[in-house]
Each structure stands twice: as C-alpha cells, then as structure tokens.
Amino acid sequence: MALRLVADFDLRKDVLPWLRAQRAASAGAGARGGGADVLENNYESLRVLNVERNGNVIYTYKDNKGNVFFGLYDRQTRQNEHLYTFEKDLQVVSCSVNSERTLLAASLVQATKEGRRNELQPGSKCLTLLVEIHPVNNVKVLKAVDSYIWVQFLYPHVDSRPLPENNLLLISEEKYIEKFHIRVIHEDGNRVVIKNSGRLPRERIAEDFVWAQWDMSEQRLYYIDLKKSRSILKCIQFCADENFNLMFEAPLDISLSDSGFKLVNFGCNDLQDQGKLSKYLTLYVFTNHTGSLCLCYSPKFESWEQITYSVFYLHKGHSKTFTASPASTDSPVTKGITFLNLDYYVAVYIPGHFFHLLNIQHPDLICHSLFLTGNNEVIDMLPHSPLQSLSGSLVLDWCSGKLCRASLNQSYLLQFLWNPRLDWEKMAVLHCVLSCGRDPQFLEAQIIQWVSENSSACHSFDLIQEFIIASSYWSICPETSNMDKFLPYSSVLTWNTEIPGITVVTEEITLPLMKVHSFKGYWEKLNFHLEYAKYSKPHLHYNNSMVKREWHSLISEEKTEKRRSKVYTRNILDNAMKVISNVEARNLEPRLTPLFQEEDNHQRLLVGLMVSELKDHLLRHLQGVGKKKIEQMVLNYVSKLLDLICQILETSWRKHNLHPCILHFNRQASAAEFAVFYIMTRILEATKSLFLPLPPGFHTLHTLLGVRCLPLHNLLHYIDNGVLLLTETAVTRLMEDLDNTEKNEKLKFSIIVRLPLCIGQKICRLWDHPMSSNIISRKHVKRLLQNYTKQSQSSITDKSSFSTEFLPLNYFIQTLTDIESSSQALHALEGHDNVDARFVEEAALKHTTMLLGL
C-alpha cells in the first residue's frame, strides 16, 4: 500500500481487554463472566471521543443499563483510567479533559430509541457540563441550549504541569466560540474543586463563522467567516502564557454561504451515515514544519463523472484546481474524498477511483506530484474506511478505532519505481521516495541501482541529472528551513506535458495578511514565505554560471602561463581537498573504481570554486544561520554531489564485476566494459549541462575505456566533440602501454596532434618513434621562427658540418643553429635543452626515410 499506517493506539487491543478485566473484577466470582458478555453486547457503543495534545485518548461506551462511561488511555504509560460515569441514557456530542485530569467537560444530548442522538427538535436540550473528577465531586452546567455544543480544553504546554488557570473552548452550532477561564483550588489535600464555580469568566473569541478546524498539537484555531458573501480564513494562536492572537486573515475564492455549518477535529465526530459523506464539502487546513500553509477544499459532488477539488497554497500565493475522472462510472463514488497531511505531501484519494500525492513544498510543476487514476493496484489497496486527519500526520480510522501515524510507504514506492511508467510518474515517485528520508543509505543504494539500469529510459528529462540534484537537495534541506529558496530542487525548470486523467487550473490568490509583527517558530517561517512571494524577489536558486566563468578564466590563465594570487588558488584547492577527504570518509568499503588516484587539477579547481561560490551565495541570502554552519552545509552538499556520482559508477562497476586490471590494452573490450563506458558517458552528459564537478580521475578512466571500446574514427569523434577529455595521465598510459604496431602508431599520432601544447611536449618525449620526433621538431621550429627576423648572412655554407648533401635542409638547419645561438632565442629555449637544430635534422631524415619506405 502506498500509504503506511503505523498504529499508535488500537481501541480493541489497548482498551477492550482492560474493560473486560474491570467488569470481571467488579462482577465477582458469582457473575460467571457475565460482565464480559455484557461488554461484548455493548461493544458497538465503544468509540473514541477525542485526542488531546499530550496524546491521551478519551473514549466512551454504554453499559447494559445505558450509563455513559468515560475512560482515558495514556499513550505514554500505556495505562487506562476511568474518568467518570453518567448514570443516564445520554448520547455524547463532545468531551475533553484538562492536562492535570482534574476536570472533565462534556456535551450530551438525549438518546433516541435506536441509540443515536436525536436531531434536537424544538424543546430538546444539549447539556454542556463541567465535572470535578479528582475526586469525583461537583457537576456544573455550563450550557443548556437547543443547539449542539462542542468542548475543548486548551493545553498551553505538552506536559502536565499544574496551571493556575484552565481554559475551555465552547463551540456552538449557533456560530460562536467562547473561552471559559476556570481556576481551581486544592482542598483537603489532593481534592481539586472549581473556584467561584457560579461565576466563571468567559470571553467570545469568534462569531458568525461557518467552518472551524482545531489543531490540537499546535493549539491553533482556524475558522472561516463570511463578510459580504466573501469567505475569510482566520487563525487564532493560543499561547503558553494563556493569551491568544489573531495571526492572519486570508480571503478565499470559494462560496460557503449555502454549505451549512461544519467543524473539523473538535473531537471525533460520529460518522454513522457514511453513504452521505460524498454529498458534503470537505475542507482542511494543513501546515508543516517548513512554514507551509495549505487549504484543501472539495465542494459537494454534483455528478460522478468528474470530481473536483482545490488546493490553496497560501504560502505561495496561488491555487490549483484539480479535476479527476473516477475509475469507472459503473462504480459510483459512495465515499467522501480524503485529505491526509504527509508532511511534504498531501494525499488526496477516493478508494477505488484515484490517488494523488501533491507536493506541498514544490507545487509549481505538476510533474513533481503523483497522479494515479483508473484501474491501478495502488488505488485498489488504499484503506476503504474513512480516515480523519487530526494534526500533523496523526489520523484516526473510524471503523477500527485505530489512531495511526500516516506516512509514505518507502518500500512500496521503491517497488513501484521499477514498474514501466511514464516519465512524469518516474519523476514524481523519485521525489516521493527521496522525501521519505528513512534509512538514506539503503534508499540511495536502491535508487542508484534503478537509475543505473534506466538511465536512458526517460525522454522528457535526464534521470541521472534529476537524481543527483534532487538527492543532494534532500541531503541538506531538512537541516535548515527555507533552503528550498536557495538550492535547486530539480533539474527540470518547465513541464508542458499533459497528464492523462487529470486537468489542472492554476490561479493567483491574495496572500494572507499577517496581523502580528513579531514572529517565532512556524510563524517566522510562514512570514518568510509570504515576504518572498509578496516582493517577487529574483530567483535565488543557486546555479554554477559564476563557477563556469571563473573556471574558464583560471584555465585560460594557466594556458597563457599567467597566474592569479597564490593565496587565492591555494584557498580553492584547499576547499577541494576538504570535499575529497569528506567523500573518502563516507566510503566505508574499498572502492573498486580507480578514482581519486591523480591530481586532476582542473576538476579540483571546479570543486573548490563550487564550494566558494555556494558559500558566498548562502551567506548573502540565508539569514539567521552562522558562518560555520553554512560552511559545513556547503561542504556536505558538494561532497554529497560528488559521492552520488561515485556511487553510480561504483554500482555499475560492481554489477559487471570489473576490476582496474581491465585497463590493459592487450585484449578486446567486453560487453561489461561497454556498459560501464556508456554509463560514464551518461554521467558526463548529466553533469556537463549543469557544469557540475566530477571526481578527479573520472576523465582519465572514461578516456581509457573509450580507447578500449570505440573504433578509432568514433574515438576521435568523441575527442573532437569534447565527450572524451585527453588528460595527461590517460595519454601517458597509452604511450607507455601500447606497442608500435601500425594500428597503435595511428592511434598515438591521432591523439598526440590533439593534445594541448602544455602537455603535448611532455607526452612526445615518452614515445621513441620518428613520428613523435617529427611532432617535437615541428613545435620546436614553430617556437623559434614565430619571432624570427631575417638577418644578412654569408652565402657560403660549410658542407662538412652536415650529414647529407641536401641544400634546402642544410640551409634550414644552419638558420636554426644561428637562431639558437642568438640572444633572442635564449628565453624561448628555456626548459627544452634536449631539442636543438641537430635533433630537428635527424628527425627530418628519419621521417623522410619512413615515408620513402627505405
């Protein structure tokens, strides 16, 4: 199943055995187990009423006399506790207990003959009671009205520290919310009683609302009121100092004027008429630790042919309206749409019809969200019982009475990844899996294996490139908030391909208006998102354009023998050394691939420059984070990027059972070597367009494999087009290992003439061959004659000093000798003492002899 539900509480396992034991003990030996039978007969009435902030679960059931029993299950101690029993046949609307478990608030109505609560006909009463339960003592009536009332104690602290005052919310069906201030005193030791119970201070905190939602873990109240037929979303934050603040107002482009009255998460509603769920609107507000604020809305279903819902990304300033077609019109939609908060994602589904995973962190491109519609095993395996999203990832399964933590099923998504899917599905599932974050080493190993075997399976994007960027992002993003603004999340910037079975309409919306001026925690992060969206700041995602310019500048200076400050270059190379050391430290097993075995200064410069530029980028834009932490984050990010490339190559190397000894040139290349050469070429393509660094030694290994795997004309084509880079190490290896057969001479010559001047001179000396001498001589002559000014000289040439009587050659050698002996050539000849006019003469004669076949 794509959703992973881990039970934190199970009514049948955690409560029912305890209730049976209690009944059996109270009945005594003469009851012959009758208490358990009575409980079995009344098991249908056992249900969860509320989940408090500290995790305690309040439940209720009726005994055989109709008495209403209230119990509490402590999820920390795994113990049950009897709170109170009403010895009347009543139906519970709502219930809440304070953090010290000294006060119980309950709202009850008369029960009908069928055991359900009545519809509150005129004259009927809803009683809202406040009970002293430590020990059981007085009962105070807070409300007795002809409309439903819901109750909720505030928990300013997660622990159960004694509070000078308890605060209780009363939510009325008549569209108002009151806050009661309840002070308690201790009498006769531990006896807790309400102080001035006849006059409890109260204040009205909201009026004329049509929808409200309670966030128990964050102690927030969201509600929507109507102003001139316009829906306004508001949020009240209840603070630890027992005060509360209106945090924001956000206009919504949805009509709720005829939707009636709806509450979300004020206790656990009795949803007995499941067949009616699909006929009513669904509306949830979801947040997460990164500062996101989303409102998910599904209107009443007008027909079964199309199902429409909207997501308001309030922290981004836009909304998306999704229209999905059910799997089949033959199977009508009888269940309501379900929205579940999965941290970075929101799951939206109707069992048997569709399943959507919406990326909340990066909603701009539709390809980063997963949409499954129609006959699909993922859809068929969704839970069919209604799930209520309580707070964060906590959900309640109504039918089973289970309280679960919902998350993405990483193992199932990994299996799903291997199935042949469309490009957008591959990308969406890849990001879903990476966001899970559990057991990252195992996760990456599985994804790398998939990437290695499917590197060319995607046509809309580069799979290797996407994996490197996305995985590097997820390795660093959870450490610091707002990193999604500064680090690239994906290699794909636009997506225009339509997704079958789903249509999306994107609209701009008005940003929430913050009503306070001092922010902490979540509100500080949300305000950052709003400020970013409001002022349309320039795109702050890091890219390597500056690194590219600086790197080319350094390489150009190296060719022209101009040098930057030694301190500047040393700092860059020191950055590279830190990254390489960090990558090597991550590698727990001996590396099979011969990487990091040479200096490769060009790649080291690129690594060091990326560290330097990324650090400067984050120091400019990332506020509130220390310099040392940023430096460490940058080091980890660049190290991760290099390590991923190494892992992809290492995985392919191990899969094909290769060994460094394959780089000898005494046999034909195998199919395994072709496969590794291909994956290295794909890695090179992926990194080249983004100008990402490669591990030192990568180009050498790639070139040597290319020599083994490619025919000469293909090899030269790859070299001329920049796919294969001729490094000094690779060419040196070729000159030393290849013998001088006709085929190898042609290969060596073709490579030598393509070498840069800076290393060509060194390489030529390694090849004892007329062709090599010829190349050295040409370069020596070119260097001597480029600034030569013809001088008058004697027309008589001493023939005795030459080994042959060939006047043009004799004259040319005499000219070179004169230049070499002059002061203007002294500087040009520095470092080239082994090459002179006599060497040029011998090389010319040998080359002529070889051409004439003599």
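This report walks through selected charged residues, loops and helices of one predicted model.

The model is predicted, so local features need pLDDT of at least 70, side-chain atom pairs count only at pLDDT 80 or more, and totals for chains, interfaces and linings use all residues. Residues are numbered from 1 along each chain as its sequence is written, and side-chain values use heavy atoms, with hydrogens and water left out.

## Salt bridges

Side chains of opposite charge can pair when their charged atoms come close. Here a salt bridge means a side-chain nitrogen of Lys or Arg within 4 Å of a carboxyl oxygen of Asp or Glu. How many salt bridges does the structure hold? The count is 25. Three of them are set out below.

| Pair | Closest N and O atoms |
|---|---|
| Arg405 and Asp8 | 3.2 Å |
| Lys234 and Asp225 | 3.0 Å |

Take the pair Arg405 and Asp8, joined by a salt bridge. Arg405 sits in strand β31 (residues 402–408) and Asp8 in strand β1 (residues 3–10), so this pair ties together parts that are 397 residues apart in sequence. Helices (H or I, at least four residues) and strands (E, at least two) are DSSP runs, numbered from the N terminus.

Arg405 has 34% relative accessibility, so it counts as partly exposed.

Lys534 and Glu531 both lie in helix α8 (residues 522–534). They are three residues apart, about one turn of the helix. Lys534 is partly exposed at 44% relative accessibility. Glu531 is partly exposed as well, with a relative accessible area of 24%.

Salt bridges can also link up into a network. One such network joins Lys143, Glu178, Arg202, Arg204 and Glu207.

Glu52 is found in the loop between β2 (47–51) and β3 (57–62). Glu52 is buried, yet has no salt bridge. Which side chain of opposite charge is nearest to Glu52? It is Arg53, 9.4 Å away. For charge, Lys and Arg count as positive and Asp and Glu as negative; His and the chain ends are not counted.

Glu52 does have a polar partner. Its side chain makes a polar contact of 2.8 Å with the side chain of Gln152. A polar contact is a pair of N or O atoms within 3.5 Å; within protein, one must be able to donate a hydrogen and the other to accept it, and residues adjacent in sequence count only if both atoms are side-chain atoms. Not counting residues up to four places away in sequence, Glu52 touches Ile58, Ser96, Val97, Gln152, Phe153, Tyr155 and Met216. Contact means heavy atoms within 4.5 Å.

Asp74 is found in strand β4 (residues 68–74). Asp74 is buried, with a relative accessible area of 9%. Its side chain has a polar atom 2.9 Å from the backbone nitrogen of Gln76. A polar contact of 2.4 Å joins the side chains of Asp74 and Arg101. Leaving aside neighbours within four places in sequence, Asp74 is in contact with Asn56, Gln79 and Arg101.

## Backbone in the loops

Most residues other than glycine have a negative phi, and most peptide bonds are trans. Arg101, the partner of Asp74, has a positive phi, near 60 degrees. Arg101 lies in the loop between β6 (90–97) and β7 (103–110). Asn196 has a positive phi as well, near 50 degrees. Its place is the loop between β14 (191–194) and β15 (202–207). Asn196 is exposed, with a relative accessible area of 55%.

The peptide bond from His134 to Pro135 is cis, with omega near -10 degrees. Pro135 lies in the loop between β8 (126–133) and β9 (136–145).

Gly267 is found in the loop between β20 (262–264) and β21 (282–287). Gly267 is buried, with a relative accessible area of 4%. Gly267 and Val151 are 116 residues apart in sequence and 8.1 Å apart in space, C-alpha to C-alpha.

Notes. Buried means under 20% relative accessible area, exposed over 50%, partly exposed in between (1.4 Å probe, protein chains only).
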